[in-house]
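Subject: Structure handover

Hi,

Here is the structure I promised to pass on. Please load it before you read the notes.

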Amino acid sequence: MLNRVIYFLSLMLLISCTTNTLVSDSKSLENTWNKNDIIKFEIPQLDSLQLYNVFINIRNTNDYKYSNLFIIASIEFPHGKSIVDTLEYKMAQADGTWLGTGIGSVKENKLWYKENVSFTEEGTYTLRIEQAVRNNGDVEGVFNLEGITDVGYSIERPSQQ
């Protein structure tokens, strides 16, 4: 009887923890993201017949003093092709309340990057992420962006699959 209870509880735990996330990785920063630091991730081979959603994951603290985040993200295909995107993400509401999840001063933001994409080329893809935040009126970007503690990505199956 005890074995059945343990088996049932284990099964329920496994079912409740299932997620659509197939691949994810992150890199920690020292609470500062230098303008010249390009965060690089190798994406392993995925099923070329499936569609995926790609997210950029950012963790920030109260030291982040902007309401939005500008980044440049690029995906390099195994055979050399690259796609580069300049992206803007809202990080706080107009009243200064942080968006994202988390308790206390650290917030986790799961930001849409690509929707329903396929990885049709055989081999390893490379994702590069760099910050491109500027102060209003400045031509040069912010050299050391404070308040960003982690940068990552995740790839998920779309919900309808």
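Below are notes on the nonpolar core and the salt bridges.

Bear in mind that this is a predicted model.

Core first. The largest nonpolar core holds 36 residues. Trp33, Ile56, Ile58, Tyr64, Tyr113, Leu145 and Ile155 have the most contacts inside it. Seven strands need checking here: S3 (39-43), S4 (52-60), S5 (68-76), S6 (82-90), S7 (107-117), S8 (125-131) and S10 (148-156) each supply at least two residues of this core.

Look at Trp33 in particular. Beyond four places in sequence, its contacts include Ile39, Ile58, Ile71, Phe143, Leu145 and Val151.

Now the charges. The whole structure has six salt bridges.

- Lys40 and Glu42: the closest N and O atoms are 3.7 Å apart. Glu42 is partly exposed at 43% relative accessible area, and Lys40 is partly exposed at 38%.
- Glu76 and Arg128: 3.1 Å, N to O. Glu76 sits in strand S5 and Arg128 in strand S8, 52 residues apart. Arg128 is partly exposed at 26%, as is Glu76 at 30%.
- Lys110 and Glu156: the closest N and O atoms are 2.5 Å apart. Lys110 is in strand S7 and Glu156 in strand S10, so the pair ties together parts 46 residues apart in sequence. Glu156 is buried at 11%, whereas Lys110 is partly exposed at 45%.

One network also turns up: Arg59, Glu108 and Asp150 are joined by salt bridges that share partners.

Best wishes

Notes:
Residues are numbered from 1 along each chain as its sequence is written. This is a predicted model: local features need pLDDT of at least 70, side-chain atom pairs count only at pLDDT 80 or more; totals for chains, interfaces and linings use all residues. Side-chain values use heavy atoms; hydrogens and water are left out. A nonpolar core is a set of buried Ala, Val, Leu, Ile, Met, Phe, Trp, Tyr and Cys residues joined through side-chain atoms within 4.5 Å. Buried means under 20% relative accessible area, exposed over 50%, partly exposed in between (1.4 Å probe, protein chains only). Helices (H or I, at least four residues) and strands (E, at least two) are DSSP runs, numbered from the N terminus. Contact means heavy atoms within 4.5 Å. A salt bridge is a side-chain nitrogen of Lys or Arg within 4 Å of a carboxyl oxygen of Asp or Glu.
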